[in-house]
Amino acid sequence: MSEERLSGPDEGVQKPRRHPLKPSLNPWVLAALAGLVLIPAIRPLLRFEPDPPPVLRQLPDWRLVDQNGESFGSGDLAGEVYVASFLFTRCATVCPRLTASLRQLDRRYREEGVEGVRLVSFSVDPEHDTPERLRDYAGSRSLDLERWSLLTGAEREVRSIVVDGFALPMGERLDLAGGLVDVAHAARLALVDRDGGVRGYYGSDAVGVDEVFHRTRQILAE
């Protein structure tokens, strides 16, 4: 007697194979993967670039004497961006750190190919800081005088450009004990554009120098 096969409603219907080891993708995983693809593409659109700094004040025409004893003034800087600083050669407090910060800034300009920018240091002790002393000061600190000028002149002329032009303090010279000398002055950097406009005042610490560098590039790109 032959065995009778029972038929049911699913007989002859091919069922799909199951893949128990195949994971299903979570919607959050998909979103994360999409972000990895899209973020690099849109990052330039998201980067915030501040506007160039505005002109705070306009410098008058001025003329002093550089470390070579030659006449040097605002006309020699026309069309160039420059970073102005204020120091004196007998300063034993803030000036050595200020000069070191300026050297780092100058080196960064050169390493990153930033052209068209100068460094200009005004002596706030011009009666003592003759061109010869400024040149010796520059030599002892390995300053690049191809793009860095140190200036002196008659005290009233220096005071006029520092106080009236840059609107920064310049005190009277004080003779201290032990042969030391002090002149109250601002240990700040002033960024000046191609037309003699002061575009900002910055600290001489690492943060200030970094901002000067980036602001300089903005102004050069105008």
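Trp62, Phe86, Phe122 and Phe166 form one aromatic cluster. The model is predicted, so to speak of a local feature we need pLDDT of at least 70, and side-chain atom pairs count only at pLDDT 80 or more, while totals for chains, interfaces and linings use all residues. Residues are numbered from 1 along each chain as its sequence is written, and side-chain values use heavy atoms, with hydrogens and water left out.

**Exercise 1: the rings**

*Step 1.* Rings of Phe, Tyr and Trp (its six-membered ring) pair if their centres lie within 6.5 Å; planes under 30 degrees apart are stacked, over 60 edge-to-face, and the rest tilted. This rule gives five aromatic pairs.

*Step 2.* Phe86 sits in strand 4 and Phe122 in strand 5, so the pair ties together parts that are 36 residues apart in sequence. (Strands are DSSP runs of E with at least two residues, helices are runs of H or I with at least four, and both are numbered from the N terminus.)

*Step 3.* Check burial (buried is under 20% relative accessible area, exposed over 50%, partly exposed in between, with a 1.4 Å probe and protein chains only). Phe86 comes out at 1%, so it is buried. Phe122 is buried too, because its value is 0%, and Phe166 also has 0%, so it is buried.

**Exercise 2: one alanine and its surroundings**

Which residues does Ala84 touch, leaving out those up to four places away in sequence?

*Step 1.* Locate the residue: Ala84 is in strand 4 (residues 81–87). With 0% relative accessibility, Ala84 is buried.

*Step 2.* List the contacts (heavy atoms within 4.5 Å). Ala84 touches Val120, Phe122, Phe166, Arg188, Leu189 and Ala190.

*Step 3.* Look back from the ring. Phe166 has Ala84 among its contacts, along with others including Arg57, Tyr82, Val192 and Val198.

*Step 4.* Zoom out to the core, meaning buried Ala, Val, Leu, Ile, Met, Phe, Trp, Tyr and Cys residues joined through side-chain atoms within 4.5 Å. The largest nonpolar core has 49 residues, and those touching the most other members are Trp62, Tyr82, Val83, Tyr109, Phe122 and Phe166. Strand 4 gives this core its largest share, six residues.

**Exercise 3: the sheet and its helices**

What is the order of the strands in the open sheet, and which helices pack on it?

*Step 1.* Strands of a sheet pair through backbone hydrogen bonds, either parallel or antiparallel. For a pair to count, DSSP must find at least two bridges between the strands.

*Step 2.* Read off the order: eight strands, 1-10-9-4-5-6-2-3, with mixed pairing. Strand 1 (57–58) and strand 3 (71–73) are the edges, each pairing on one side only.

*Step 3.* Strand 1 and strand 10 (residues 197–203) run antiparallel over two bridges, and Arg57 has Val198 as its bridge partner in strand 10.

*Step 4.* Helix 3 (residues 131–140) lies across strands 2, 4, 5 and 6, at about 150° to strand 6. (Axes are lines fitted to C-alpha atoms, for helices over the stretch in contact; angles run from 0 to 180 degrees between N-to-C directions.)
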